[in-house]
Amino acid sequence: MSGSRTAPGMLGAPTEIRPRVGRRWAGRGQLLVPYIFIAPNVLLFSAFSFLPLLYAVYISLHDWSLIGDAEWLGLHNYLRLGRDPLFWRALSNTLLYALATVPTSMALGLLLALALNRRLPGRSLLRSIYFMPVVVSAVATGTIAAWLFNDNYGVINTLLVHLGIGRIAWLSTPQWALPSLAIATLWVRLGFNMIVYLAALQSIPSLYYEAARIDGASALRQFRHITVPLLTPATFLLLILNIIHSFQVFDLIYVMTSGGPGFSTTMLVQYIFKSAFVTSEMGYASAMGVALYALILGFTIVQWRASRQAENVM
Amino acid sequence: MEARISNTAASSRRFGRRALLGAGVAGGVLGGSRRARTQTKTTITMAVWGAQAEEAAFNAAIAAYQALHPDIAIRLELSGNSTQVYQLVDTRLAGRQAPDIFRIQYQQVGRYAAARALADLGPHVDAAYLTDFAPAFRQAVTYKGRVFAIPHHTDTFALYYNRDMLQKIGVEAPASLAQSWSWQDFLLVARDLKQKAGAPFGFAMSWQNMAAYRWLPFLYQHGGQLLNAELTQPMLAGAAGVETIAWTQSWFKEGLVPPSTSIKSSEQPQNLFANGTIGMLLGGDWQIPFLEKTMTKFGWGVTYMPRDVAMASDLGGNCLAVTRDSKHPEVAADVLKFMASREAMRDFVSRAQFLPVRSSLMGEKLPYALRPEAMQVFVEQSATIPAHLVSTVTMPVFSKINNALGDQLDLAFTSGQDPAATAKAIDAQVQAVLGG
């Protein structure tokens, strides 16, 4: 290629065209680079998320037991959702669970991040301890939580008895089962929220705080007028992720209560699983899956728009 | 001469090389044929669940079969419980990659057979082979007149008791089926265990993780049944059904059982029995190896299920089936026939603490590895399984009925749902399942 290059003003038309072609190809090549980079992700996402999602929509229009032949039902499964009291119970349980866990785990995560952002002895160890449940399998954490909350020989009840409070039927009474799950969820999710907030806190320039201190701003005012606004992007990200997590919770509940007592901890994904693998109604389970997808999508769009508006205001 | 010698030497070297090459090719061919023979070895996959004793018993049966058939390899795929195996098999059936053989409860045969997920064993198993199996189990593996599984073993329920605690309250466990406790006597003992023997709770029932069908024996003991004789209509809302729900609900209301032992719970009641939290356990024979190993602080024994106007116990146990995806249904069926043969069955049930399903083994004293005297109680109790219960739980739609039963009974036990309302809700859901 170097031989074909011609100094400007020299004769030889072909030598002038070649670089144009080369530039054009180089330009196209540059255009292709991002697609090449995202191709593996797109392929994996299509294979393991998008195509299964389309297939779930297809299955939701059928009566299929997974092991037998499928029978076309049209929109019957979606109409059944509307008049199935257990679906609405599972939906309200899911919303209640999200309400109980999302704000609290975010607030506690922020408090922890603020505490562990300071110079403390054993800070790294404490951060690791709080983050540990995030990296451990949900089934393992669920099993540990089930042992902690066990009515008969759990650590928590043993402590309560020693304190003279008496036993609480954590997992076997409808009024205590959901709070027990919420506490276990806080334990699991706290570390993740803490790490995200910690990263966001460390990205705030210390300059702002120094200027505020010079102007005589108290610690509380600094937190309110510097920290909170600059943490907004992290807060929105966590809000979306925590709501999605709460809507999709399964393993922890499967291990701790299996959706009981009664239907007090039956969440949407529990009900989907039960319909798919216990009563072999794969079509109905898929219809619920599609409904859950639409719900999460709706929440995400609303939050995303709210976050855009908040950013514009800032 | 030198040249000739040289030529000869060269030729000799050439010969040597050719000979080596030839030997190599021959070796390759021979080796290849050996490899080819190895490659033609048929592999059969077998999905089962089970605790240590069951795994060991399956492995012993597999080793015995492979010793007789060196050209067949059986790969055991072990899961923790039956739910996991069904989930695995269902998913692989959907992908046309199901294992050749799987362990299946009698209650599930109808569901799989109706969905044409099982191989019809008719061409591989002649009628004479099945004559030795007890009629209830032959019935359980037959769907629309065709055989879809081979009975392998059974288990049933009896009553474990803490010997030390019973001595403390001065009560002796019934020594024969005829002397089994009435419902009233049973609850009196449970109350005494709680009040006088230091047990936090009187007893617990092993029906967790949605094994709601294990509630049915109490219904039959009280003279009721879930469905009519033709299995076409629910009939739980009658007096017997409502009273049985009320009686089992009273265990929870009165605090005789731990609240964590309802049907949807994942509590392991054998742990509670082993550590003295409960004084009695309504449980199955497969729990013996666990108790033998872990219940070291108390002595324990086994007696008969309580009874009311009738005696009844649970139909437990499993059969073995070949899936429709098996590439070698003949070989898989042959493995099944071997596993359910008289000798293999005797060995399996003795090792894993189950009961045989062959009539010729039922009267025989089997060499149980643990507590043969306790196993005798289970053997006698198994004679009380009602035929109508067998017909009910082996219906193809029974998994849906079981789900309705579990959901509603759990509401009655944990949320105090009225027994009449519970019976009515179950009947409505069963009616919907039956297509009424």
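**Domains and chain contacts**

Student: What does the domain assignment of chain B give?
Tutor: Domain 1 of chain B covers 42-154 + 316-383, and domain 2 covers 157-314 + 397-434. Keep in mind that this is a predicted model.

Student: OK, what separates the centres of domain 1 and domain 2 of chain B?
Tutor: Taken over C-alpha atoms, the two centres lie 27 Å apart.

Student: And how many residues does the contact take from domain 1 and from domain 2 of chain B?
Tutor: 19 residues come from domain 1 of chain B and 18 residues from domain 2 of chain B.

Student: Which elements give two or more residues to the domain 1 side?
Tutor: In chain B, those are helix H4 (109-114) and helix H16 (372-381). H16(B) has the largest share, with six residues.

Student: What's that side like by class?
Tutor: The side of domain 1 of chain B that touches domain 2 of chain B has nine nonpolar, seven polar and three charged residues.

Student: Switching topic: how many residues of chain B are in contact with chain A?
Tutor: 26 residues of chain B, and they meet 22 residues of chain A.

Student: Which elements give two or more residues on the chain B side?
Tutor: Helix H3 (82-94) and helix H18 (398-415) of chain B do. H18(B) gives the most to that side, seven residues.

Student: And the classes there? What are the counts?
Tutor: Where chain B touches chain A, its side has twelve polar, nine nonpolar and five charged residues.

Note on methods. Residues are numbered from 1 along each chain as its sequence is written. Chains are lettered from A and ligands numbered from 1 in the order in which they are written. This is a predicted model: local features need pLDDT of at least 70, side-chain atom pairs count only at pLDDT 80 or more; totals for chains, interfaces and linings use all residues. Two residues are in contact if their C-beta atoms, placed from the backbone, lie within 7 Å. Helices (H or I, at least four residues) and strands (E, at least two) are DSSP runs, numbered from the N terminus. Ala, Val, Leu, Ile, Met, Phe, Trp, Tyr, Cys and Pro count as nonpolar, Asp, Glu, Lys and Arg as charged, and the others, Gly among them, as polar. Domain bounds come from an automatic or database domain assignment.
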